[in-house]
Amino acid sequence: MHRHINRLVCGTAIEGAWAGFNQRLLEVAPAGGFRRAISVACGHGGKELDLIELGLVEHFDLYEISEKRVRAGREKASSLGLEDRITYRLADAFAETVPTLSLIHI
């Protein structure tokens with residue numbers, strides 16, 4: 001199923017839940033990627049961690065309202081050595097004031 005969806009997204013039937021999106025983003029991202037990005041309702045942040053590992057995003061600010069998912073995300077980021085490149089916020093993003101950043105939406 002992922003191969004079919006990825007073929008529709010990026011033109012290539014590749015494996016992985018977000019591989020097609022990531023491939024397409026690699027094609028359209030500015031040189032050097034994005035300095036900072038935000039994700040709302042990120043869950044544990046797996047797809048955002050993938051974008052950091054691909055070099056597309058230098059730092060992510062993540063919002064999630066589930067304490068369990070934030071905890072899991074922080075553990076995953078730490079296991080990958082990326083805890084300094086990702087900020088998890090256990091908060092409603094729409095109730096917070098965030099400084100203007102160069103953003104991507106995923």
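Reader: Why is Asn22 called buried?

Author: Asn22 has a relative accessible area of 7%, and buried means under 20%, exposed over 50% and partly exposed in between, with a 1.4 Å probe and protein chains only; therefore Asn22 counts as buried. This is a predicted model, in which local features need pLDDT of at least 70 and side-chain atom pairs count only at pLDDT 80 or more, while totals for chains, interfaces and linings use all residues. Residues are numbered from 1 along each chain as its sequence is written, and side-chain values use heavy atoms, leaving out hydrogens and water.

Reader: What does Asn22 touch?

Author: Asp50, Leu51, Leu54 and Leu56, not counting residues up to four places away in sequence; contact means heavy atoms within 4.5 Å.

Reader: Why does Leu8 count as exposed?

Author: Its relative accessibility is 57%, and the cut-off for exposed is over 50%, so Leu8 is exposed.

Reader: Which backbone nitrogen does the side chain of Glu64 reach?

Author: That of Gly43, at 2.7 Å. Glu64 also touches other residues, including Ala41, Cys42 and Arg89.

Methods. Polar contact = N/O pair within 3.5 Å; in protein donor to acceptor, adjacent residues only side chain to side chain.
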